[in-house]
There are 2 protein chains.
Amino acid sequence: MKWLVVVSLVAIITCSFFPAPGHCRSQAEKLKKLFHAKLRNEIKTSQFKAEEMDSRVVVEAAGGNKEADLIVRLPGQPLVSFKQYGGYIKVDPLNDRNMYYYFAEAQHPEKDQLPLVLWLNGGPGCSSLGYGAMTELGPFRVASDAKTLYRNKYAWNRAANVVFLESPAGVGFSYSNTSTDYTTGDVNTSLDNLVFLQNWLQRFPEYKGRDFYIAGESYAGHYVPQLARNILLNNLRTHDTSINLRGIMIGNAVIHDETDNIGMYDYYANHGMASPESVAAVHKHCNFSSDFTDDQTDRCIAADRDFSIATAPIFPYNIYAEDCLLYNGPTAAPLPFSITEFDECSAYYVEDYLNRKEVQKAMHANTTNIPRPWTACSDVVQYREASTSVLGDIHNLLANNVTVWIFSGDMDGRVPFTSSQYSIKVMKPTIETKFHPWYIAGQVGGYTETYKGGLTFATVRGAGHEVPSYQPLRALSLFMHFIGGTPLPNSKRF
Amino acid sequence: MKWLVVVSLVAIITCSFFPAPGHCRSQAEKLKKLFHAKLRNEIKTSQFKAEEMDSRVVVEAAGGNKEADLIVRLPGQPLVSFKQYGGYIKVDPLNDRNMYYYFAEAQHPEKDQLPLVLWLNGGPGCSSLGYGAMTELGPFRVASDAKTLYRNKYAWNRAANVVFLESPAGVGFSYSNTSTDYTTGDVNTSLDNLVFLQNWLQRFPEYKGRDFYIAGESYAGHYVPQLARNILLNNLRTHDTSINLRGIMIGNAVIHDETDNIGMYDYYANHGMASPESVAAVHKHCNFSSDFTDDQTDRCIAADRDFSIATAPIFPYNIYAEDCLLYNGPTAAPLPFSITEFDECSAYYVEDYLNRKEVQKAMHANTTNIPRPWTACSDVVQYREASTSVLGDIHNLLANNVTVWIFSGDMDGRVPFTSSQYSIKVMKPTIETKFHPWYIAGQVGGYTETYKGGLTFATVRGAGHEVPSYQPLRALSLFMHFIGGTPLPNSKRF
């Protein structure tokens, strides 16, 4: 029952702010479902066991090939000079579980030297194709007519070869022919992601041994370090160096339930969107520690109720954004822009685009007629097992010389930068470079602090939860410093 | 010496971020000067004495008339249906001290019933014409060619008759022929503003007895309640009801030095732009109480230094704004917009516009060839006396049935909403309507809480220091509820 207070909160932050279609596109909605499940004790917090890997890792036979996955051209796409691929990787022949990926090679003459990056979105249950590729860091975005694509000037494949994976099975175009597979959790997801990666490298062997990074946001705060941990363990057991993991980067990331929670309350009060009194009462009367298994007190529940009522109408992913009130189907002209140049209605265009038959055909997606439309977040995935924290994994990655960057769009209220600051503090890291602004194009891109042992914290100024959507230039700059192994610049001159 | 810590901060927030011209347009710079003067013990904190009024209040003889002040048309102005006036009101015949005002009659068929509103900008030393009228709530804004005016759709004269006063003498077009008048402070300013108002009503007698409100921002947090207090005292002494004061409204307002200061530190840490550690150290080692007259400790100074270095590159008036890096003289096309649709370079266009001879002629301004150009903030005003708090005045206004609204653009770091929240808490008011979002056009306009006795607190979401610049629709809505005597709506439906 300890999650009751959280549930009363997130029950109010629902999809009711999204007008037209019946289901929900929001990663916040998926986090709500997770917390509900925790309330009903449907969530286990079992730990990953290394020995589970042996039985799962199946190196792909000659079942697929790179050439067959080549996307000749996406419908409505402008001409480009880089190659794109899309297709399925089978991760479980017995259950017939298949992961859909979209891969954008680097648009760069030295692409063969540039790193390989895997991007994962969160939820749990949200699509890296719909979010990451189509509204955040991919090479194209979908126009308001839901038919035309336009270039994203700040696509991350300007600096790396980027794979977008829809994970776990049940998300987007990924599916299983064994429906019980859709009831899943952190352990299964991280193992499937490892198997995917190993088999993908069979199909794209030129990336074996290439500098490899994993990045993601939101609930990928779990996926990314857990996959990284599996890679390290598997490399150790198999003495295989095909996956040359160098670093991970997670944004507005769920990493440690206790601090994630209290950081969210503080954030809203600190931004004038909850009363200082209600949040002070939460501090006084609630206990979010994972050790605490009693019911929350009535005072805690009352304080949370006040908080929830106040924050309910705020779009949690960008507290300054306008609601998408005007959406009424695709239009030739884009709707008026929000507070930033990102169109808050983009999710609708993407959904319409990815459900078009010719688009799916061009992408080699939905080849088996999945009995549901593509949605940005999955309605079939039931997440039933989750860690309460990934700080242990992060600690181990750092100890194994894997760089860790934790970044945060500073306008996100759902998993805000305060949560990340609090979580980092739990690790008691030693400061290497003190808190300072970082710059791009003469402007403050955000703030950063680095710690001994390879850990970096960075905010992105003016960005919501989906950082590359709201601040594409700043996000690309952050990414290039991350994969370049260079600190974020402390001066406008550089 | 107690201000040393503050000075070390504000010394870094200088005009160096404004590229082209040599002097400074920023109200933050003027606040810095004030704090510097306090450091050098050049600021008295003398209290206003009611008996000073008798000798100062000189009701205007037939020296000016309304018809002569009519502005037929401003250069570059689109056609409008309301009348504008501009001219001088003498407030001291002996020293020849003259206040420039600009008056926009309501653009409304019932303008004769609509209230009279006086708007004041802060600094101390900044112009209500340049800021308030030309970039915030006035009927026109200056285009990037510095020659053309365009309509502000959300001008406050849609709801009221609005006077903009450049105060004290030395600001903008207001001047004195006795240069010692430029060394001034709260007492002189509030008395001159009262004399101005009385004499202005001689020239515009149809506004005698009209519902009257005073509004302003920033350092006008002093000007507005102090003028209101003078009006009440004068009405009481003279039994004159010409000035029918109903309410005051102040935004991002300097009102109580101690809480204003600590609220600013907290705000930056809360927004990820100062390290939590440096601000925790300020809390621990600094004392901003007006009772505290010792030097700040070395630890305080060190903590403030860390804070100052981190916040220095942030534009204090809108922490998410882009710097105006591109300005290189007037241009036919506007520069790329900032994070909101407000052009951060507007101050340059306004300065160029108001220094044009034909503009001054049309406005009946600078009729005596003031020996300096018009600037948004004055370089001649020396502010040498100031209250440490206006909470006492606010308390007295409420006790005399004068409504008080304290509002705050939630993106302002200079005098942030946290400062206002802390200051209101000092007054220990009784909550009437609990903290809740308020709505306009289907969106959350901000948050509000009301208190017994006529006090309202409200934030404006997504607005910097100059609220009507950054969020014109929300600001107009706030203003209309203020003068309408209606609470801000707690539901989207209304």
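**Aromatic rings and paired chains**

A: Happy to! Let's begin with one aromatic cluster, formed by A:Tyr85, A:Tyr88, A:Tyr100, A:Tyr101, A:Phe103, A:Phe173, A:Tyr175, A:Phe196, A:Trp200, A:Phe204, A:Tyr207 and A:Trp374. Keep in mind that this is a predicted model.

Q: Okay, and how many aromatic pairs are there over all chains?

A: The count comes to 61 aromatic pairs over all chains. One of them joins A:Tyr219 and A:Tyr383. Their ring centres are 5.5 Å apart with 85° between the planes, so the pair counts as edge-to-face, the label for angles over 60 degrees.

Q: Where do A:Tyr219 and A:Tyr383 sit in the chain?

A: A:Tyr219 is in the loop between β10 (211-217) and α7 (220-238) of chain A, while A:Tyr383 is in strand β12 (residues 382-385) of chain A. They are 164 residues apart, and the pair links distant parts of the chain.

Q: Buried or exposed, those two tyrosines, A:Tyr219 and A:Tyr383?

A: A:Tyr219 and A:Tyr383 are both buried.

Q: What about B:Tyr85 and B:Phe103, stacked or edge-to-face?

A: B:Tyr85 and B:Phe103 are stacked, with 6.1 Å from centre to centre and 25° between the planes. B:Tyr85 belongs to strand β2 (residues 84-92) of chain B and B:Phe103 to strand β3 (residues 97-104) of chain B, so this pair ties together parts that are 18 residues apart in sequence. Both B:Tyr85 and B:Phe103 are buried.

Q: Nice. Switching topic: how many helices and strands are in chain A?

A: Chain A has 16 helices and 16 strands. Of its 494 residues, 65% are buried.

Q: And what does the accessible surface of chain A come to?

A: About 17400 Å², and 54% of that belongs to carbon and sulfur atoms.

Q: Which share of chain A's contacts joins residues at least 24 apart?

A: Taking contacts between residues at least 6 apart in sequence, 74% join residues at least 24 apart.

Q: Last topic! What rotation superposes chain A on chain B?

A: A rotation of 180°, with 0.0 Å of shift along its axis and an RMSD of 0.0 Å. The two copies are therefore related as by a two-fold rotation axis.

Q: Which residue of chain A comes closest to the rotation axis?

A: That's A:Asn270, whose C-alpha is 2.8 Å from the axis. The same surface also serves both copies, as 100% of the contact residues of chain A recur in chain B.

Notes: Residues are numbered from 1 along each chain as its sequence is written. Chains are lettered from A and ligands numbered from 1 in the order in which they are written. This is a predicted model: local features need pLDDT of at least 70, side-chain atom pairs count only at pLDDT 80 or more; totals for chains, interfaces and linings use all residues. Side-chain values use heavy atoms; hydrogens and water are left out. Helices (H or I, at least four residues) and strands (E, at least two) are DSSP runs, numbered from the N terminus. Buried means under 20% relative accessible area, exposed over 50%, partly exposed in between (1.4 Å probe, protein chains only). Contact means heavy atoms within 4.5 Å. Accessible areas come from the Shrake-Rupley method with a 1.4 Å probe; for residues, only the protein chains shown count as cover. Rings of Phe, Tyr and Trp (its six-membered ring) pair if their centres lie within 6.5 Å; planes under 30 degrees apart count as stacked, over 60 as edge-to-face and the rest as tilted. Copies are superposed by least squares on the C-alpha atoms of residues with pLDDT of at least 70 in both.
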